[in-house]
Amino acid sequence: MKGKLILEDGSVYMGELLQDNIKTVGEVVFTTTMTGYQESLTDPSFCGQILTMTYPLIGNYGIAQKFMQSRRSFVRGFVIGELCDAPNNWQSEETLAAFLEENKIPCLYNVDTRAVTRHIRSAGAMKGVIVPADTEESEIDALQKEDLPRDVVEIVTTPEIYTLETEQSNAPHIVAMDFGVKRSILQNINRIGAKVTVVPAHTSADEVLSLNPDGIFLSNGPGDPADVPEIVEEIRKLAGKRPIFGICLGHQLLALAFGAKTYKMKFGHRGGNQPVKNLKMGKVHISAQNHGYAVDPASLEKTPLIVTHLNVNDNTIEGLRHTSLPIFSVQYHPEAAPGPDDNMYLFDEFWNLMKGA
């Protein structure tokens, strides 16, 4: 069935609908990663968004359960160029098309995703709808007026506490606050030899400390960090009690907890090829990122936070460290799912902070 993507400013991009008569609305964003479409589809940080893949060939190696990053996909839609219907990979368990249909993810393919991306880079990320080509204008207008959910952290967080055990003796115990965490991040923390207890996003500071952790991890997640002031308040109560490591949304929430401010970026950073400069090492690492908000550098002046990493492309803040407490954070995803593994050293830094605490 013929379909189309219509952005909030009226621009239209034609394609083919994988599912007949399906309609959806969400914030339209793009990611520049060349592989890892399954990891992107199941990354909770894309909750409420219509995800556009800039790489034109999608589905080539199929889908495998082991690469799922969360219990399900939270995207509102998927916009791609060529949809491969005959994947070739020894780990493949099903086609991408089958996965999209099973999980009821609206997909528009045979789209000029380069044109979509260029427009978003120029005009900024905005709301859009995916509809059949013959949809009435009145129905499109009604879809465009729908409010997108603001409680996205509540949608993606774990409904209950669970633990990743380790066989290492005298292993440190880390409590991970789940704001939309990717499984690969938890697995990498677990692999350094730590026991990881994952708790829902709105767990209080007292409840976190009652678990007697050696360290606290603040995860990635979707949405505007300013929408969850109650979580910021609990993080503020945790400061100085245990070593803390935050990434992505966790990084932004930490900044807010110490008095900094965040702002919405024009089109964000989403992809597996973002260059980040480590100011201490004087080295540039390639990173995987997925965020639409950033910390305002001017707001750091009266806080106890210093900048440790900067984005080479636009000079936005990519890392912070507390001047006296064992607390640090980065804006990007260090665990390479999908993306490079340049930044795995950050897990070791967290380990060393816990040992020295």
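This is a predicted model: local features need pLDDT of at least 70, side-chain atom pairs count only at pLDDT 80 or more; totals for chains, interfaces and linings use all residues.
User: Which residues of helix 3 are the buried ones?

Analyst: In helix 3 (residues 113–123), they are Thr113, Val116, Thr117 and Ile120.

User: What puts them on the same side of helix 3?

Analyst: The arc they cover around the axis is only 95 degrees, so they sit on the same side of helix 3. Arg114, Arg118 and Ser122 are exposed on the other side. Just after this helix comes Gly124, with a positive phi of about 100 degrees.

User: Nice. Which residues are buried in helix 6, and what covers them?

Analyst: Helix 6 (residues 183–191) has Ser184, Ile185, Leu186, Asn188, Ile189 and Asn190 buried. Their cover includes strand 10 (162–164), strand 11 (173–178), strand 12 (195–200), strand 13 (215–218), strand 14 and helix 10 (345–356).

User: Why is the pair of Phe245 and Phe328 called stacked?

Analyst: Two values settle that one. The ring centres are 4.5 Å apart, and the cut-off for a pair is within 6.5 Å. The planes of Phe245 and Phe328 meet at 10 degrees, while stacked requires under 30 degrees. The pair therefore counts as stacked.

User: What makes this a link between distant parts of the chain?

Analyst: Phe245 belongs to strand 14 (residues 244–247) and Phe328 to strand 19 (residues 327–330), and the two are 83 residues apart. Both Phe245 and Phe328 are buried. They also belong to a cluster linked by ring pairs, together with Phe217, Phe347 and Phe350.

User: And the surface: which residues form a nonpolar patch there?

Analyst: That patch is made of Val284, Ile286 and Val312, which together have about 220 Å² of accessible area.

User: Why does Val284 count as partly exposed?

Analyst: Val284, which lies in strand 16 (residues 283–295), has a relative accessibility of 46%. Buried would need under 20% and exposed over 50%, so with its 46% Val284 counts as partly exposed.

Definitions and conventions:
Residues are numbered from 1 along each chain as its sequence is written. Side-chain values use heavy atoms; hydrogens and water are left out. Rings of Phe, Tyr and Trp (its six-membered ring) pair if their centres lie within 6.5 Å; planes under 30 degrees apart count as stacked, over 60 as edge-to-face and the rest as tilted. Helices (H or I, at least four residues) and strands (E, at least two) are DSSP runs, numbered from the N terminus. Buried means under 20% relative accessible area, exposed over 50%, partly exposed in between (1.4 Å probe, protein chains only). Patches are made of residues with over 30% relative accessible area and no salt bridge: like charges are joined within 9 Å, nonpolar side chains (Val, Leu, Ile, Met, Phe, Trp, Tyr) within 5 Å. Accessible areas come from the Shrake-Rupley method with a 1.4 Å probe; for residues, only the protein chains shown count as cover. A salt bridge is a side-chain nitrogen of Lys or Arg within 4 Å of a carboxyl oxygen of Asp or Glu. The arc is that of the directions from the helix axis to the C-beta atoms. Contact means heavy atoms within 4.5 Å.
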